[in-house]
Amino acid sequence: MPLRTIRRGVDALEIVVSGLGTGILALGVLLWTLLVGVACLVGVGFRLLPTVRRAAHAVADRERARLAVAGSGSARQEIVWLILHGTVGFLLGAVGITLPVYVVEDVTFPLWYRFLDPEQGGPGVIWWRVDEPADVAAVVLTGVGFAVLTIVLGPVLAWLQAYPGRRLLGGSLSRRVAELTATRAAALDAHAAELRRIERALHDGTQNRLVAVTVLIGAARRAADRDPDAAGDLLDRAQDATEQALAELRGVVRSILPPVLDDRGLAGALAGLAASCAVPCTLDVDVPGRCAVSVEATAYFVVAEALTNIARHSGATSATVLVRRAGDRLSLSITDDGRGGAAEDGGSGLGGIRRRVAAYDGRFRLTSPPGGPTTIDVELPCGS
């Protein structure tokens with residue numbers, strides 16, 4: 001058997017065994033889904049439904065990383081993959097890890113067969129009585145056969161195990177091009193919207209203040225000779241207008257890139273948002289190191305907008321913000337116990353959050369069944 005074929009079979013076997021790991025995770029999520037479904041039948045599992053979706057998505061992402069595929073399938077595709085990989089994929093992985101065990105057992109059988117009762121037969125699938133050299137040789141030949149079978153079947157098992165993931169979780173090139181096109185469009189839309197917001201803020205606020213300062217200074221100059229007291233009052237009013245214009249300019253600058261991020265980092269900036277929220281908010285941040293400034297700014301604005309929506313629209317009595325960094329992904333989860341039923345087309349700013357996240361090739365998910373709870377899940381790439 002050529003060395004290249006043997007190496008290909010061994011490499012494929014390693015892939016199958018790694019797939020067994022995600023198969024075990026998928027099986028665990030399936031069992032958890034079953035438990036949540038039973039709990040829902042008795043009316044106590046509905047609050048656990050979001051955990052099923054998050055767990056399925058996390059396992060699917062791990063499989064995407066294992067297969068090195070790009071793209072993101074829908075929730076339905078991830079559930080279908082979960083069922084296939086948690087059953088068929090798990091069994092294929094079990095077969096893949098069992099075959100080399102049989103090889104090792106049978107090939108090394110001459111070294112330890114004397115310690116066995118001949119009536120019990122040989123190891124693994126060997127059922128016949130083994131007490132003579134010919135019987136031992138038959139066991140060794142069986143091990144060699146298992147070795148050949150492992151090398152031949154390895155690529156087949158690997159392909160069968162990976163096919164559902166590549167088909168359901170991996171995006172095609174055309175889909176990825178469409179995603180990148182949509183991301184670019186979202187980035188341009190977000191940039192244009194931000195420019196319009198800054199322009200409105202400067203035009204409606206700061207510019208009017210500065211015009212008032214100019215008018216007041218001109219009036220004070222004309223009144224300086226004939227009525228010095230009036231001129232002094234006009235200059236005081238001009239100074240007040242100048243201070244207000246400076247305050248509004250600082251507000252515009254902070255809305256572009258909050259200085260608190262530089263001063264206190266993401267955790268400190270979010271702590272300030274949670275403390276100032278009108279609804280009691282619990283914050284849990286575990287982000288080792290620093291992410292890119294633009295990513296931290298996006299995370300800050302996502303949390304700020306989400307907490308503003310909770311205070312204005314949800315009727316919630318509590319909120320939770322969970323922020324984690326795992327590898328090259330920054331994940332945010334904002335949950336409230338309000339009335340639910342939130343939608344992106346309701347003027348609540350959720351569409352703006354989605355566009356801002358999409359501009360960084362991130363992911364945005366909104367879960368808000370009637371009656372609550374409402375959960376916003378956001379993932380942002382932040383580098384390794």
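This is a predicted model: local features need pLDDT of at least 70, side-chain atom pairs count only at pLDDT 80 or more; totals for chains, interfaces and linings use all residues.
1. Let's start with a word you'll need all the way through: a residue is buried when its relative accessible area is under 20%, exposed when that area is over 50%, and partly exposed in between, using a 1.4 Å probe and counting protein chains only.

2. Residues are numbered from 1 along each chain as its sequence is written, and side-chain values use heavy atoms, with hydrogens and water left out.

3. Now the overview. The protein has 10 helices and five strands; these are DSSP runs numbered from the N terminus, with helices being H or I runs of at least four residues and strands being E runs of at least two. There are 384 residues in the protein, and 37% of them count as buried. The protein exposes about 21000 Å², with carbon and sulfur atoms supplying 62% of that; accessible areas like this come from the Shrake-Rupley method with a 1.4 Å probe, and for residues only the protein chains shown count as cover.

4. A contact here means heavy atoms within 4.5 Å. Take the contacts between residues at least 6 apart in sequence: 68% of them join residues at least 24 apart.

5. Back to Thr22, which sits in helix H1. What does Thr22 touch, if you don't count residues up to four places away in sequence? The list is Val59, Arg62, Glu63, Arg66 and His85.

6. That brings us to how H1 meets H2. Two packed helices are described by the angle between their axes and the distance between the axes. H1 (residues 3–41) and H2 (residues 49–67) have axes 10 Å apart, at an angle of about 170°. Axes are lines fitted to C-alpha atoms, for helices over the stretch in contact, and angles run from 0 to 180 degrees between N-to-C directions. H1 and H2 are therefore roughly antiparallel; the cut-offs are under 35 degrees for roughly parallel, over 145 for roughly antiparallel, 65 to 115 for roughly perpendicular, and oblique for the rest.

7. Who takes part in that contact? On the H1 side the residues include Ile15, Thr22, Leu25 and Trp32, and on the H2 side they include Val52, Ala55, Val59 and Arg66. By class, the contact of H1 with H2 has 12 nonpolar, five polar and three charged residues. For the classes, Ala, Val, Leu, Ile, Met, Phe, Trp, Tyr, Cys and Pro count as nonpolar, Asp, Glu, Lys and Arg as charged, and the others, Gly among them, as polar.

8. H2 has another partner, helix H3 (residues 75–107): their axes come within 10 Å and cross at roughly 75°. That makes H2 roughly perpendicular to H3. The contact of H2 with H3 divides into seven nonpolar, two polar and five charged residues. Among the residues meeting there are Ala56, Val59 and Glu63 in H2, with Ile79, Leu82 and His85 in H3.

9. Next, the sheet. Strands of a sheet pair through backbone hydrogen bonds, either parallel or antiparallel. Five strands form an open sheet in the order S1-S2-S3-S5-S4, with mixed pairing; two strands pair if DSSP finds at least two bridges between them. S1 (281–286) and S4 (363–367) stand at the edges with a single partner strand each, so one side of each has no neighbour in the sheet. From one strand to the next, the twist averages 10°.

10. S1 and S2 (residues 319–326) run parallel over six bridges, and Leu283 has Val321 in S2 as its bridge partner. S3 and S5 pair in the antiparallel sense over eight bridges, with Arg329 opposite Pro381 in S5. S4 and S5 are also antiparallel, over five bridges. S5 is mostly covered, as seven of its eight residues are buried.

11. Finally, have a look at the loop between S4 and S5, where Pro373 lies. A cis peptide bond joins Gly372 and Pro373, with omega about -5°. Is Pro373 buried or exposed? Pro373 is buried, at a relative accessible area of 12%. Leaving aside neighbours within four places in sequence, Pro373 is in contact with Arg47, Thr335, Asp336, Thr367 and Ser368.
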